[in-house]
Amino acid sequence: MDEVLLIGVVAVVAIVGVHSIAPRVGVAAPLLLVLLGVGVSFIPGMPEIEVESEFILLGIIPPLLYSAAVALPATEFRRDFRAISSLSIVLVLVSAGLMGLFFMQVIPGIGFALGAALGAVVSPTDAVAVQIIRKMGVSPRIVTVLEAESMFNDATALVTLRTAVAAAGASMTFGEATWDFASAVVIAVAVGLVMGELSVRLRRLVPGAANSTAISFVAPFAAAVPAELLGASGLVAAVVAGLVAGYRAPKYLRPADRISERTNWRTAELLLEGVVFLLLGLELTTLVTDVEETHGSVWNAVGIGVAALGLVLCIRIAYIAPVVLAAARRARRVRARHERVEGLGQRAESHPDPAHREAAARRVEQHSAYADYLENRPLGWREGGVLVWAGMRGAITVAAAQSLPADTPLRSTLVLIAFVVAVGSLMMQGSTLPWITQRLGIAGESVHDEREREELRDLLSGVADMVLADDALRARDGGAFHPEVLAAVRRAVSHARAEDDETVGHGAQFLELRLAIIEAQRERILEVRGMGTYGSETLGDAMRILDAEQISLQLRAEHPDGDD
């Protein structure tokens, strides 16, 4: 027990240390952790490390995917859902099939089903690329596509792997395999929807940010475990639960709950990701020894792994090219249709029904925002180049390979091939991705759209003015607000903060009115989020500012003299 605790302490220190020095050396922390693990694995006397795949697939990956899904920009996800679903589902299935044919030819003794299983293992991309390109200032659209793809294609690959392994062990028709795949996904989506909604509503009921965050830590497992018991994909369920929780949180959760959740999940992500990449490197000697003792040809497996890495990249290039062309055509169609939509909106202005006029104006605004999004954040050949090269394989590839049944023919060789693909991809693509991004000329693009932020600030300022100008505005006791309170609130709103002396001097009425304005502004943010008028990052920043202001106001009201 003492040894396990010591290893845990050393691992945490190593993870924190690597993340501290990574920015100074200009290398992504996950890559350094893999290299550190590989180096440690070759230390004489170092015991062999072999981790059960279930520990990674059900103990580490679900919370990581859940956390990423919670933070996924909802607006951009909806807008690029077609491309995301194509990359995360169709591309994985195509890659698994083509790679299955390749492995069947170069690895004697395995059929197409087992080859497709290994093809599914090496098909999913890893989210480590998102960490790299986000720091490079790449368009948020590319970041969202890559992040969403890496979440969903993990689940697609594992469902495909399970179906292929079942087909290899028993005679299954194509229809049976298709039904097995589809039912696993549908059941998982249903479980994720239910568990995501239940977790948010339960967190709304419990008092305290710590209690709420504790429930959020359980949520990915509450979705994944029932899905697995029902024969579905736990990863799909965890991702769907995260998407639901992330979308519903601004409506149901308290500001302190949201802030606490973000902070604590960042810590959890740091440690969980670090453990995964450390283990990835530490397992190298164990794999090599096992292959030497069982099959005797390590270099043959390495050669096949290198060839497989080149082939999956070629498949990705061939697939992304038409995806980029389709995105360009869609942008042109949307822009061409925009004039017609505006014309319909103008004609609706004379309609006698106010509801009809409002619906028409809403449609014009939504379509205009969508057209601007496609025009200002294009998906051209340069962005396609980043999508290709950022498609790195990672920890899920090795974990999935280790989930192959123990009686699988040439199992150790297959796992080593997957390891070579994963580590080779991380080293080659991960180390050169910043350079590729700069050479393509899309590094350093502004992640923050200041014009959009300014427009949203004006919109929220208008909401505050409407609340203050409302003739029906009354305090909680039914009386009118004192003029000095109204003036103080106007000054506080104009400065986007509440001054200590004003909070203390005007007491409960100031706090009540200020919180009412913040709540109205928050509701307006949720409205425009549904319309897609502003980007998710802009809306998220505005929501976080409102949360911080509300918490600050409440703390100052509780401790007017600054006492604890």
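Is Ser-123 buried or exposed, and what is its relative accessible area?

Reply: Ser-123 is buried, with a relative accessible area of 4%; buried means under 20%, exposed over 50% and partly exposed in between, using a 1.4 Å probe and protein chains only. This is a predicted model, in which local features need pLDDT of at least 70, side-chain atom pairs count only at pLDDT 80 or more, and totals for chains, interfaces and linings use all residues. Residues are numbered from 1 along each chain as its sequence is written, and side-chain values use heavy atoms, with hydrogens and water left out.

Ser-123 is placed in the loop between α7 (112–121) and α8 (128–135). Helices here are DSSP runs of H or I with at least four residues, strands are runs of E with at least two, and both are numbered from the N terminus. Leaving aside residues up to four places away in sequence, Ser-123 touches Val-92, Ser-95, Ala-96 and Arg-393, where contact means heavy atoms within 4.5 Å.

Turning to the rings, the whole structure holds 5 aromatic pairs. Rings of Phe, Tyr and Trp (its six-membered ring) pair if their centres lie within 6.5 Å; planes under 30 degrees apart count as stacked, over 60 as edge-to-face and the rest as tilted. One of the pairs is Tyr-66 with Trp-265: the centres are 5.7 Å apart and the planes at 40°, so this pair is tilted. Tyr-66 belongs to helix α4 (residues 61–70) and Trp-265 to helix α13 (residues 255–282), so the pair ties together parts 199 residues apart in sequence. Both Tyr-66 and Trp-265 are buried, and together with Phe-217 they form one aromatic cluster.

Phe-77 and Phe-152 make another pair; with centres 6.0 Å apart and planes at 15°, it is stacked. Phe-77 is in helix α5 (residues 74–79) and Phe-152 in helix α9 (residues 140–169), so parts 75 residues apart in sequence are tied together. Phe-77 and Phe-152 are both buried.

As for helix packing, Pro-220, Ala-223, Ala-224, Ala-227 and Glu-228 in α11 meet Gly-234, Ala-237, Ala-238 and Ala-241 in α12. The residues of this contact divide into 7 nonpolar, 1 polar and 1 charged; Ala, Val, Leu, Ile, Met, Phe, Trp, Tyr, Cys and Pro count as nonpolar, Asp, Glu, Lys and Arg as charged, and the others, Gly among them, as polar.
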